[in-house]
Amino acid sequence: MDFPLSGRSFLRELDFTTEEWNYLLDLAAQLKAAKRSGKETKYLEGRNIALIFEKSSTRTRCSFETAAFDQGAHTTYLDPASSHLGVKESVADTARVLGRMYDAIELRGNDQTTAELLHEWSGVPVYNGLTDAWHPTQMLADMLTMREHSDRPLHETAFAYVGDARYNMGRSLLVTGAMMGMRTVICAPESLQPPAEVIEMARERARETGAEIVITEDVGEVRGCDFLHTDMWVSMGEPDSVWDERVALLRPYRVDAKMMELAGENTKFMHCLPSLHDTSTAVGRRIYEKYGLDGCEVSNEVFESPASVVFDQAENRLHTIKAVMVATLGR
């Protein structure tokens, strides 16, 4: 196998061409098929990968660890208590140490700058497992899922994201949709829309790919979309005090049966997870008791419906993360 992205870091979507992104999606599909057939080739034997988690995770950690194991690589998991990153040791110093011991570094962190510094100083590929600004591993999983659940190529497909679009999910879906030539609808209150500079980056890429970019407060714009995405209304690390304002702003953007019907008869529902879709969690129960919402950003009816592809999406984190590691470290 050829590895045209050998040695590259994976920090944000816009660092890649559309052709390179499609290569990663094709590779992920091949690796997924190989795993399911029991005929997977191990391209990462002897590799060692450091996994730095400033923020906890289920899907990201499990995907990186399982992908590495499947491919013959070894991982070291570093949570906030397991390293001095940014506290007693600078990011640059940590990067230079890890770069001498590991073949690659993954970061699920608070700040995009940390990922950039690890890339600058480590001398090995760095993978962004999530930062405040971007979520590129999730985007590969989302695009693979949409490709699997559509009878048309991505550039002929439309999707909408509804909710708080200021941070990683809203930004990343916006620019990735532009990269893939898709009709991309970001539907959010004006105060929760992506930053102007991110919108301009997306429009610039859209001029190359023919993508249609729609930034709107109007929920009616989801009409005709093949996929409807959302995310939790309060992000990890935000204080509980923002819930009152956020619920007031986002109630009209809650994905329920009515919104799905508006989008279209065959529209699929997507969510990066975790999701507050019922009262089976402590947070879900508090939301219900305080605001009367049985299911926050999405109703349980939609989440558990045949239209929901969220667990296909979650599984695809494994296959797409594996593709990134194989493409950049394979031998």
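Modeller: Happy to; we can go through the sheets, the helix packing, the cores and a few single residues.

Biologist: Is this predicted or experimental?

Modeller: This is a predicted model.

Biologist: Okay, sheets first. What is the strand order in the five-stranded one?

Modeller: That open sheet runs E7-E6-E5-E8-E9, and the pairing is parallel. Strand E7 (212–216) and strand E9 (268–271) are the edges, each pairing on one side only. On average, neighbouring strands there are turned by 20 degrees against each other, ignoring direction.

Biologist: How many bridges hold E8 and E9 together?

Modeller: Four bridges, in the parallel sense, with E8 covering residues 227–230. If you want a spot to look at, Thr230 stands opposite His271 in E9.

Biologist: And the four-stranded sheet, what's its order?

Modeller: E2-E1-E3-E4, an open sheet with parallel pairing. Its edge strands are E2 (74–78) and E4 (126–130).

Biologist: Switching to helices. At what angle do H8 and H10 pack?

Modeller: About 75 degrees, with the axes 12 Å apart; H8 spans residues 243–250. That angle falls within 65 to 115 degrees, so H8 counts as roughly perpendicular to H10.

Biologist: Which residues meet there?

Modeller: From H8 you have Trp243, Asp244 and Val247, and they meet Val283, Ile287, Lys290 and Tyr291 in H10. By type, this contact has five nonpolar residues, no polar ones and two charged.

Biologist: What about the largest nonpolar core, which residues have the most contacts inside it?

Modeller: Trp21, Met143, Leu228, Trp243, Val255 and Met325, in a core of 96 residues. Helix H12 (residues 310–329) supplies the largest share, 10 residues. There is also a second, separate core of 15 residues, including Val91, Leu98, Leu107 and Ala115.

Biologist: Tell me more about Val255. What does Val255 touch?

Modeller: Leaving aside residues up to four places away in sequence, Val255 touches Val162, Leu228, Thr230, Met260, Phe269, Glu297, Val298, Ser299 and Val302.

Biologist: Ser299 is on my list. Buried or exposed?

Modeller: Buried: the relative accessible area of Ser299 is 8%, and the cut-off for buried is under 20%. Ser299 lies in the loop between helix H10 (282–291) and helix H11 (300–303). With sequence neighbours up to four places away left out, Ser299 touches Arg254, Val255, Asp256, Ala257 and His277.

Biologist: Last one, Val97. Why does Val97 count as partly exposed?

Modeller: Because its relative accessibility is 37%, which sits between the 20% limit for buried and the 50% limit for exposed. Val97 is found in helix H3 (residues 91–101).

Biologist: How far is Val97 from Ser122?

Modeller: Their C-alpha atoms are separated by 7.5 Å, and the two residues are 25 apart along the chain.

Biologist: Great, thanks!

Notes: Residues are numbered from 1 along each chain as its sequence is written. This is a predicted model: local features need pLDDT of at least 70, side-chain atom pairs count only at pLDDT 80 or more; totals for chains, interfaces and linings use all residues. Side-chain values use heavy atoms; hydrogens and water are left out. Helices (H or I, at least four residues) and strands (E, at least two) are DSSP runs, numbered from the N terminus. Buried means under 20% relative accessible area, exposed over 50%, partly exposed in between (1.4 Å probe, protein chains only). Contact means heavy atoms within 4.5 Å. Two strands pair if DSSP finds at least two bridges between them. Axes are lines fitted to C-alpha atoms, for helices over the stretch in contact, and angles run from 0 to 180 degrees between N-to-C directions. Angles under 35 degrees count as roughly parallel, over 145 as roughly antiparallel, 65 to 115 as roughly perpendicular and the rest as oblique. Ala, Val, Leu, Ile, Met, Phe, Trp, Tyr, Cys and Pro count as nonpolar, Asp, Glu, Lys and Arg as charged, and the others, Gly among them, as polar. A nonpolar core is a set of buried Ala, Val, Leu, Ile, Met, Phe, Trp, Tyr and Cys residues joined through side-chain atoms within 4.5 Å.
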